[in-house]
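Reader: Please take a close look at one part of this model. Keep it brisk, and give me the cut-offs as you go.

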Amino acid sequence: MHDVNAHHPGVMRGRAARLAVPAGVLAAVAGAFAYVGTVDPNEAGHYPVCPLLRLTGLYCPGCGGLRSAHAVVHGDLLAALQANAPAVLGYVGFAALWTVWVVRAVRGRPLRIDPPPVLLWSLGALLLVFTVVRNLPFGGWLHP
């Protein structure tokens with residue numbers, strides 16, 4: 001069935017307005033990835049050192065995230081996963097969530113994010129396990 005109002009100027013303006021925020025978020029994320037893709041975090045002096053790593057010598061769950069993003073920009077998925085696998089999963093999760101957001105915005109439906117507590121606790125527990133294991137002697141393969 002053809003929507004008679006689909007090309008009506010008011011409908012198009014409404015759709016554009018609903019897509020403004022997701023488009024702005026995408027532009028910001030793309031800009032950040034473009035910057036990290038251009039300014040190599042593997043070269044010392046471009047970015048601040050992780051405060052936890054500097055003070056304790058321990059890797060936080062985010063350590064290696066910039067190197068991971070740099071590798072993703074350059075199409076090196078294996079290097080990205082080695083630098084910080086949870087970050088890569090986060091990039092994929094963001095892309096999926098952003099896509100759902102855009103589809104819902106086009107349809108005029110709000111994005112409602114209401115994850116069950118068990119999911120949030122599980123993600124937190126996985127990040128905690130990742131952080132502990134990467135700082136143990138046998139977890140050296142998880143170092144960024």
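Author: Cys63 is buried, at 5% relative accessibility. Buried means under 20% relative accessible area, exposed means over 50%, and partly exposed lies in between (1.4 Å probe, protein chains only). The model is predicted: local features need pLDDT of at least 70, side-chain atom pairs count only at pLDDT 80 or more, and totals for chains, interfaces and linings use all residues. Residues are numbered from 1 along each chain as its sequence is written, and side-chain values use heavy atoms, leaving out hydrogens and water.

Now the sulfurs. A disulfide is a pair of cysteine sulfur atoms within 2.5 Å. The search of the whole structure turns up zero disulfides. For Cys60, the nearest cysteine sulfur belongs to Cys63, 3.7 Å away, and Cys60 is in no disulfide. Cys60 is buried too, with a relative accessible area of 18%. Cys63 is also in no disulfide; its nearest cysteine sulfur is that of Cys50, at 3.6 Å.

Next, Leu58. Leu58 sits in the loop between helix 2 (51-56) and helix 3 (65-73). Helices (H or I, at least four residues) are DSSP runs, numbered from the N terminus. Leu58 is partly exposed, with a relative accessible area of 39%. Contact means heavy atoms within 4.5 Å. Beyond its neighbours within four places in sequence, Leu58 touches Leu52, Leu53 and Asn135. The C-alpha atoms of Leu58 and Leu136 are 9.5 Å apart, although 78 residues separate them along the chain.

On the helix 3 side, Gly65, Arg67, Ser68, Ala69, Ala71 and Val72 take part. They meet Ala79, Ala80, Ala83, Asn84, Ala87, Val88 and Tyr91 of helix 4.

Helix 4 (77-106) has another partner: the buried residues of helix 5 pack against it. Those buried residues are Phe130, Thr131 and Arg134. They lie on the same side of helix 5, because they cover an arc of only 95° around the axis. That arc is taken from the directions from the helix axis to the C-beta atoms. The face turned away from the buried side carries exposed Pro117, Val118, Trp121 and Leu128.

Key: Helices (H or I, at least four residues) and strands (E, at least two) are DSSP runs, numbered from the N terminus.
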